[in-house]
Amino acid sequence: MTRAPEKDAIISGVGISRIGRRTGIDGLELTLESCRKAVEDAGLRLDEIDGLTSLGDTPPPAAAAALGIEPVYHGGGFETGGLLSPVMSAFIAVAEGKARHVLVYRTVQMMGGEYVPQDEGGEGGEGMSEMRRLMVDIEEMLAANAFSAVNWLAMHCRRHMEMYGTTKEQLGWLALSSRQKAALNPLAVYKDPLTMDDYMAARPISTPFSLLDCDVPVDGSIAFVVSHADYAGDGASPPVRVEAIGGSPGLGGWFHRPDYPKMASIEAANQLWSRTDLRPSDIDVAELYDGFTFLTFAWLEALGICGDGEAGPFVEGGQRIALDGDLPLNTYGGQLSAGRMHGYWVLHEACLQLRGQAGERQVTSPEVAVVSVGGGPIAGCMLLTS
Amino acid sequence: MTKVRPRSGTRILPRLTDTNRAFWTGGGKGDLLVTRCEKCHRWELPPSQECTACGGPTRPEPVSGTAKVYTWTLNHQKFHPDVEPPNLIALVVLDEQEDLRLATNLVDIDAEDVKSGLPVSVEFEDYGDVFYPVFAPVEPK
């Protein structure tokens, strides 16, 4: 196997801002909170940061000016990892020597949080053409009054139920388990206990999804410092090592894939496993995207953690995915209960778990963590080690 | 003759192009026109200029308009200021080819009666240039 370049990268620092619903706090202020913490956590000074990249709200030039830094690296280099692309690009950049310490952040606000890269270059801009390429069937969905990812993914979920007998209660076990873990996460927005009766009684959004199958929009910011692996041991915090990354070109859009209801997560996971000797059975903790409950099911199957159609029985009852279970899953409470940090809290949590710094929700000595983000034609995942 | 229905309310319809025009307007003459490869005869959606399987040239051809329900969702959330829920959204598979899927709305059926594999057939909603294909159960309840 060719040595994958991302193995020469580490995550040297992590930072998270205040998280909340309708905080009224400016996005730039949240960004500065997470970025300053991540740089300090990495044991670096701001003037040692030579790369800065992000996705969506609070553009990097504004953040660079406010932080007083002049980065030379601005992103690009691994463009098929969906929302995780800026992090993956940073891995490649430090491996190739284009930068030494790249600060990557994601800031979301309840009224923001674009699902796809915004069009920054007008009609023909790169972001827009990327969106069109990934969403070849978006026009058909909009014409059918299917305006939201909740509609599109509800149909994946329904198909999965028809094919495999997956049940609404099985989706509910993920929501319940996530809420239990959120209770141990001081930053989570929803910590009150949740029962199966509560879950089943929630108002329907787009059947079979109801409100508690959907993640919770929040304001917040999360940042990472990505450094070259030769910085490991020199930082202020234990390094998190990068074992492998995977992304997908997103062929087939939302619903024209021959293997529907599978998604781009299949190709992303296959790429991940092609870049490492580790296997699914080596995973100690899994932080899998849960913009909707079913997306976590799709990732469990795509990553080979369980077989096709087996995600429902896998999570049923909640024991297997508990903090002391065979595979602790979404240990921070997930986007379902902790909050919708749009793919970045999963990564933040994986780092804390591997560093042994997850507090009350720490699982016992994990060495390998998997992180995944995305749904439909957008997918990225990574394998990290302590 | 395929049934033409009045428009059901606001729809966000695509900008017509040389590639998609036949698909979205064919209902005006009673036909659901789907891209088909002249070389390998494979049907293809969304409409395309070239066959994604063999690269051959394509042209729009009428399909039978019969299909089976593949998956569906009943949307309850108001996402667009001019479109009122509930919306019965579905993917149907056209009978011509097992992977020929179309996003649509189901009409003349209650959500609780929808089943995977239910036989449905096309009807068109009149939006002027565009005749939007919706699907109704073949067996009325």
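Here, buried means under 20% relative accessible area, exposed means over 50%, and partly exposed is in between (1.4 Å probe, protein chains only). This is a predicted model, where local features need pLDDT of at least 70, side-chain atom pairs count only at pLDDT 80 or more, and totals for chains, interfaces and linings use all residues. Residues are numbered from 1 along each chain as its sequence is written, and side-chain values use heavy atoms, leaving out hydrogens and water.

Take the salt bridges, each a side-chain nitrogen of Lys or Arg within 4 Å of a carboxyl oxygen of Asp or Glu. Over all chains there are 27. A:Asp47 pairs with A:Arg45 at 3.1 Å between the closest N and O atoms, and both residues are exposed. A:Arg257 and A:Glu267 also pair up, at 2.8 Å from N to O. A:Arg257 is buried at 7% relative accessibility, while A:Glu267 is partly exposed at 29%.

Over in chain B, B:Arg42 bridges to B:Asp99, with 2.8 Å between the closest N and O atoms. B:Arg42 is partly exposed at 26% relative accessibility, and so is B:Asp99 at 25%.

Now for the interface. Counting heavy atoms within 4.5 Å as contact, chain B brings 32 residues and chain A brings 28. About 2600 Å² is buried between them, with 58% from carbon and sulfur atoms; that area is the accessible area (1.4 Å probe) that two parts lose on being put together, summed over both. How many salt bridges are there between chain B and chain A? The count is zero.

Notes:
Chains are lettered from A and ligands numbered from 1 in the order in which they are written.
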